[in-house]
Amino acid sequence: MSLMTANWNPLGEAFYRKTELYEMSWNLREGLKDSLLSAAPYGGPIAVLREPHRRSPRSRPQLEIYSASGVSIASFPWKSGPVIHLGWTVTDELLCVQEDGSVLIYDLFGSFKRHFSMGQEVVQSQVLEAKVFHSPYGTGVAIVTGSSRFTLATNIDDLKLRRLPEVPGLQGKPSSWLVLTQDRQTKVLLSNGPEFFILDNTSCTSVCPPGLGPHYGNIIHMCVSFNYKYLSVFTDSGHLWTGPSHLQDSLSLVDTKKTSRPEQMVWCRRPKSQEPAVILMWDHLLLVVGVCGETIQFPVDDPCALVGELDGVRIISSTHQDFLQEVPLVCQDMFKIASMAPGALLLEAHREYQKSSQKADEYLREIKEQRMLGEAVIQCVEAAAHEYDTSTQKALLRAASFGKCFLTDQSPDQFVETCRELRVLNAVREASVGLPLTHAQFKQMTLQVLIDRLVYRQFYPLAIEICRYLKIPDYQGVSCVLKHWASRKVQQKDLSDEAIAHAVCSKVGDTPGVSYAQIAAKAYECGRSELAIKLLDFEARSGDQVPLLLRMKRSHLALTKAVESGDTDQIYTVVTVLKNEMNRGDFFMTLRNQPVALSLYRQFCKLQELETLKDLYNQDDDHQELANYYIAASYREKRLETRLSQLQNAVDEFNRAKNDFSAKATEDEMRLLRLQRKLDDEKGLRLLGLSLQDTMETLLSSGLHKQADQIYRDFKVPDKRYWWLKLKSLAEKSEWEELEKFSKSKKSPIGYLAFVEVCMKHNNTFEAKKYVSRVTAEQKVKSHLAVGDLEGAAEAAIERRNDAEIGAVLSRCSTTDRLLIDRLNRARAATQRK
Amino acid sequence: MAYDARRDCPQLPDFSVLKRLARDQLIYLLEQLPGKKDLFIEADLMSPLDRIANLSTLKQHEVDKLYKVEYKPIISTSDQLCFLIRPRIKTVKWICGVVNADKTVGRFRRYKLIFAPQKFYACEMVLEEQGIFGDVTTDEWAFYLLPLDDDIISLELPEFFRDNFLAGDQRWVRTAGSALHLLHSIYGPFSKIYGIGRCSKMAYESWREQVEEEENRGRQAEIGNVFLIDRDVDFVTPLCSQVVYEGLVDDTFRIKCGCVEFGPEVTSSDKSVKVMLNSQDKVFNEIRNEHFSNVFNFLSQKAKNLQMAYDKRRGMDIKQMKTFVSEELKGLKQEHRLLSLHISASESIMKKKTKQDFQEMLKTEHSLLEGFEIRECTSFIEEHIIRQLSMIESLRLLCLLSLTENGLLSKDYRSLKAQYLQSYGMNHLLTFANLKRLGLLVEQQPGETLTVMESKVGKLVNDKTAGKLTDAFSSLAKKSNFRALSRKLNLVPKSDEEYNLRVPRDMAYIFSGAYIPLSCKLIEQVLERDGWTGLEDATKLLNGHEFCATGTNGADVKGKSDAPRIVLVMFLGGCTFSEISALRFLGKEKGYKFIVVTTAITNSSRLIEALLDSHM
């Protein structure tokens, strides 16, 4: 702690410090000399290609991938063409740009993913130089070819090659160039001898950084800041110009007194930087040039690589890795010698308190008098977030916690959150994991991305621990991790299907949000169908199993699962696939075992393929349904002959179904149809298609009694129906004499009340009364009432001593019938007494 | 009037949100096809659409002309056609015809199909087969629920009944699940879900699946309990004649989408009048649940009161008169208008009912329900058929006879069927096949052979297959077991006691005290027992499929919330107004509020008509 400021170097108003991140665990015998090296920002992985230009087939160059701490992740001999440039995408995939313009993409573990080409013409002209850059659209690649043309691809996941316009006077490669993303446009900045150009989609414009006259010499190197906002260029007279990248303004122009071209040049600044600087590296020297004009020199004994970060620069050498950054303001306040910032006082107070010294009280008092205790706590917490060393973090957080004790209204959120985040950061900074993220970088990349990266690097247990520790909802946290783990697990070739299925199931269990169907799909993609089926069994949602089963050509199983899911659309989908896949017989057999699917398909056929419906019934020997089918079909027929033949089919099927009732009914119908046709032809009626009753009614009303009687006998029409019909039609035609004759032809099967009522319906009281006497005893009262004969009704009711009937008569009596009412009431009393 | 609500009756949730949601989504979909367009609407979506968005709303969103889908060539001149349709193959085929006709004459238009409430794969398949899949765009209008009243929500899917129960086509089950899910996401979380019936169970599972797919949030529940019931659990109730006012109006005039059209015989003028029937209509609100015999008394009392209110005018000074005119008169006039409408409607009902020997018919129904004088009932029905009194009513009575008697005697079955065919034509052979498949009209099975076989098979194979087999058997010969159920659940009150219809003592009042609707009785019993325990005998007779589940976690039902006493009853396959009245009565008695969600409002005629199969 006491040495906090030992590695601080003043630069203008601010300080720069270089802290060691790791001793690299790799073992590079030849150092970084003659190697292509690329390290991804945000503590990303490092790719090293040793001697990229060696082409003898006996000793191929070796491509190695390391974590940021130098732990080997993958290593394999490079068998493809000569590599010009290495770069990492935002999703930690390695891009290898080859001389012939093809770009090969490998994942973190060195397995080949895919490749694309930067254009056909490049094969001839060859790539001279390439750059991989990041923009809001993703990762891009830019190349300059032997014919001095630039080609850009702004997003390699959505490849659109853009060939930029020619640069006047450019031969071979430019002396320096870079890619700039500005105003949603990607441009190239390049210098060629004394000239300086901006190259965009359509034009090539000559520009000049303000204040950098031609007498400062030619631009031989340049770099742009992490956020593309600032540019710095280096001229062969040793001058370093800095300014905003839109070139409207300048920040500074510093003479470095070095005329040789720096090997690397990187911006080193942080958000809200006080003293941004550019870092230049020559053979044995690292020079930090502040915008203020001051410089710091660090000796370098080994070739290094500079990696620009959001808030500093990582310096990777063959033995160790350092982080160079401007000391954050809050840390300056905390640790500057003789700082009187409240945080610094609080830290001191806590230190004294631990020594049990009363000075602690004095310091505290001083802060409290200035009412700065809250501020002090916040400073301590913020400073802790910026510190890399865990003991410093602890000291600061303890001081903050100590200060918090004297505050009543301080929200603990920031403190708690920082503690949690630092714990996570410390865990991922461990050399075994190797993600040297600063707090600012972590905030920028977000927790979700950090977890994704951990998952990608297969640090599953750590990722799960972090999710649980930070209480991330399962959907975004644990479930995601488990899903990836399981997808990875199924690819493990050395394990048996059972072992993998068991392992997956025991870990994943029924964690919400993890779909076994997805895992199974992965297994199937890796050619493990058996495993996929085993895994699908664990999928609770039957519906999710269907698409994969179909893809695996397990159509029967798919149908079963679709039916289980209850999703009719899924069932339809499977049925359609089956229909095309199988011959008809097998298809029908399959459906037969799945009633739900069968009824769905039948519904479909009813509307779309009637013939198929018939075949379906045929297949099932469902004669009953087949018969019904023919009956329905017969009604669609216009011509009598075809209708009859359809009906005959129906009769046959009914007979097969042993449904003699329906067979008989259908035969009767056929007979009726023929008869109707005959009568229509003979008498000019329109009977065809009428029901039996309607036919008879029409006949009767047309006076064709003989024909009606014929039907009555031929079709065994029940007497009741016949009598009703006759009664109705005679009354309708007011043939009252005929009616009376008919009523006497034999004893009426429908009784005589019906006669009374029908007559009354036609308002013929006279005729009605004729039948009253013939009505049965039970209906006497009713019929008297029907003809409006109250006296008679009363008589009958009293005679029958029926309470209900007496009541019925009473309810019809009006007040004028005093006598009758009295009589009825007496009778009622008498019956009730009984 | 006849009974007052308990004072602690909970408040119903506000369902107008559902309308707003549907409207907003429809507008969004219309906006997806910018510019002027003609809108073709499926006939049975017209009335529901009218409740959601009026013409001016549609015009605002650049709908030029409106057409009803009539399966004829179109005459529209617009370059953009929008079709608002149900996912039916028939309609899609018609659209294919329209598009192909345009193609042959080289006319270019944009077509958009909006399926309500969802699209089916089969529809897309037809589009593909007809080669126009690429020419049209399709969308879904998730219009699942239409609130018809404060406590009635309808899916307006009458075909649900036939498709699901007759054809075994389960595609609407998911729709029901989604509808439930929508209610859950707005008014849930539900704490308890009960149900009975295969379809209910599937709808419940579909809902459950959808809930699991999303994260649950802690919300204040507005609906605590849910009861799902299949229509085929209780066919008896919807087949009985309705005698409660609202039901009678539905039986007589057909209420469509909460709206009835009174013809000239009611309005006593040449014009028909459309009246919205809901709780906003104060007169109707008071009589809708009343037994018809009370309605006249009530209406005349009401008329007297109204006259008195009018009479107040006499002896008023100018100032009083002014306030009377400005404040009361309009309301009185409105009430007067409604009152006279309902009075003439009642008269019209009376006229119709006496003409058809309504009393005789009711007597027969009651005898069937009680199970005596079956022979007389049978001859009554026979006479009914022979005299061709009504094609539908005859079938209804036949079904009632079969259901209550557990099938017809073989002799009767044949002769009645033969009589019916002679009266109404041979094509009804198909209707009878349908009725038989549903178990509505069957022949009595000799002995109990089937159950014996079932239990034997059940012992041999494991549970799952046994379940499937039982299903297969029960579909072969569904038994109604009405008599046994009626005894177990006391559905038919003893007939010797006088039943006072003015002061009902139980739900039987909706059938003149002759029968407590089975569906509602089950709901009452399950809520009382908080589950199915103790009802095993009954559920066995109902072919099982009962379930009871606790809802999702995160339900904050404790505290002062009303939710536990708000019960959502979902009828899959339709429910009748009588059942709704019975539930309202039950709610008032027990301090519940029932919300009825149904696939459609049904009654005996609609139910039977859905099963007619004259020309396929």
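Which residues does Gln379(A) touch, not counting residues up to four places away in sequence?

Guide: This is a predicted model. Leaving aside residues up to four places away in sequence, Gln379(A) touches Val330(A), Asp333(A), Met334(A), Ala341(A), Pro342(A), Gly343(A) and Ala344(A). Gln379(A) itself sits in helix H5 of chain A, which covers residues 373-386. Its relative accessibility is 10%. The cut-off for buried is under 20%, so Gln379(A) counts as buried.

Now the chain around it. Buried residues account for 54% of the 834 residues in chain A. The secondary structure of chain A comprises 32 helices and 29 strands. The radius of gyration of chain A is 50 Å, while the globule rule gives 28 Å for 834 residues. The value is well over the rule, so chain A is more spread out than a compact globule. The extents of the C-alpha trace can be given too: along the principal axes of chain A, they are about 140 × 75 × 55 Å.

Next, contacts across the sequence. Take the contacts in chain A with a separation of 6 or more: 48% of them join residues 24 or more positions apart.

Last, surface and charge. Chain A has an accessible surface of about 38400 Å². Carbon and sulfur atoms contribute 49% of that surface. Chain A carries 105 positive and 105 negative charges.

Notes. Residues numbered from 1 in each chain as written. Chains lettered and ligands numbered in written order. Predicted model: local features only at pLDDT ≥ 70, side-chain atom pairs only at ≥ 80, totals over all residues. Heavy atoms only, no water. Helix = DSSP H or I, 4+ residues; strand = E, 2+ residues; numbered from the N terminus. Rg over C-alpha atoms; globule rule 2.2 N^0.38 Å. Buried < 20%, exposed > 50% of the residue type's maximum accessible area, 1.4 Å probe, protein only. Contact = heavy atoms within 4.5 Å. Areas by Shrake-Rupley, 256 points an atom, 1.4 Å probe, with all protein chains shown as cover. Lys, Arg positive; Asp, Glu negative; His and termini not counted. Charge placed at Lys NZ, Arg CZ, Asp CG, Glu CD.
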